[in-house]
Amino acid sequence: MPVAPPEDLMREHGVLKRVLLIYREGIRRLQAGEQAPARALNESAQIIRSFVEDYHAHLEEQYVFPRLERAGKLADLIAVLRTQHQRGRVLTDRVLATSAGAAASDQPARDALVQDMSAFVRMYEPHEAREDTVVFPALRDVVPAVEFRDMAETFEDEEHRRFGQAGFQGVVDKVADIEKSLGIYDLSQFTVT
């Protein structure tokens, strides 16, 4: 049986959180005057575009938000989340363009990249937390069990249509490869002493 929709969406947020860590590492390096990890940042922005925006946010916009709106729940919150999805896409456009261009040597481009990635991180950390703790639990209240199963199958079918047989795991593997290239894959390095 496919993963239930709220859990599926939450694990996809785990991918987003890992990319936000990559962005934070890129920001750190750029602000420290180190060589820009342009390729890693561009690949990460491509994951944001294909997996987070074109796939994950699309599922929310097509299946989750309308169900809650029809039930008269969380309308103000959903309006903010939709706006944030739109603004995130604009930021991703800029990160893609800048990380593919002059970010390695041009100081204004490096500064713009830092600004856009910082804005994305600042917006999406509370965004995903609110969805995980308010929106996705509310979905269980408005979708009958039989429709919940159908929604889960729809999500899984769409995942495999977009990302092949590897699906979610293939995206996780791509993120791990980027983390390894930046030296931030080993979780133990983040342990507070």
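Predicted model: local features only at pLDDT ≥ 70, side-chain atom pairs only at ≥ 80, totals over all residues.

Me: How many residues has helix α3, and what length does it reach?

Reply: Helices here are DSSP runs (H or I, at least four residues), numbered from the N terminus. Helix α3 covers residues 75-100, which is 26 residues. From its first C-alpha to its last it reaches 38 Å, close to the 38 Å expected at 1.5 Å a residue; the expected span is 1.5 Å times one less than the number of residues.

Me: Which residues of α3 are buried?

Reply: An α-helix has 3.6 residues a turn, so residues three or four places apart point the same way. Buried means under 20% relative accessible area, exposed over 50%, and partly exposed in between (1.4 Å probe, protein chains only). In α3 the buried residues are L77, I78, L81, Q84, H85, G88, L91, T92, V95, L96, T98 and S99. They pack against α1 (5-31), α2 (38-70) and α4 (107-142).

Me: At what angle do the axes of α2 and α3 cross?

Reply: Two packed helices are described by the angle between their axes and the distance between the axes. Axes are lines fitted to C-alpha atoms, for helices over the stretch in contact, and angles run from 0 to 180 degrees between N-to-C directions. For α2 and α3, the axes come within 9 Å and cross at roughly 165°. That angle makes α2 roughly antiparallel to α3; the cut-offs are under 35 degrees for roughly parallel, over 145 for roughly antiparallel, 65 to 115 for roughly perpendicular, and oblique for the rest. The contact of α2 with α3 holds 13 nonpolar, 6 polar and 8 charged residues. In this classification Ala, Val, Leu, Ile, Met, Phe, Trp, Tyr, Cys and Pro count as nonpolar, Asp, Glu, Lys and Arg as charged, and the others, Gly among them, as polar.

Me: How do the axes of α3 and α4 lie?

Reply: The axes of α3 and α4 come within 9 Å and cross at roughly 150°. The two helices are therefore roughly antiparallel to each other. Their contact has 13 nonpolar, 7 polar and 5 charged residues.

Me: Are α1 and α6 roughly parallel or roughly antiparallel?

Reply: The axes of α1 and helix α6 (residues 167-182) come within 10 Å and cross at roughly 20°. That makes α1 roughly parallel to α6. The residues of this contact divide into 10 nonpolar, no polar and 6 charged. On the α1 side are R11, E12, V15, R18, V19, I22, E25 and R29, which meet F168, V171, V172, V175, A176, I178, E179 and L182 in α6.

Me: Is V175 buried or exposed?

Reply: V175 lies in helix α6 and counts as buried because its relative accessibility is 1%. Contact means heavy atoms within 4.5 Å. Not counting residues up to four places away in sequence, V175 touches V15, R18, V19, I22 and I47. V175 and V15 are 160 residues apart in sequence, yet 7.5 Å apart in space, C-alpha to C-alpha.

Me: Which residues does Y23 touch?

Reply: Y23 lies in helix α1 and is buried, with a relative accessible area of 0%. Leaving out residues up to four places away in sequence, Y23 touches L41, S44, A45, I48, V95, M117, F120 and V121.

Me: Where is F148, and which residues is F148 in contact with?

Reply: F148 is in helix α5 (residues 145-163) and counts as buried at 10% relative accessibility. Beyond its neighbours within four places in sequence, F148 is in contact with A4, P5, P6, L139, R140 and V143. The C-alpha atoms of F148 and A4 are separated by 7.2 Å, although the two residues are 144 residues apart along the chain.

Me: What is the phi of L74?

Reply: Most residues other than glycine have a negative phi. L74 has a positive phi of about 60° although it is not a glycine. This residue, L74, lies in the loop between α2 and α3, and counts as partly exposed at 29% relative accessibility.

Definitions and conventions: Residues numbered from 1 in each chain as written. Heavy atoms only, no water.
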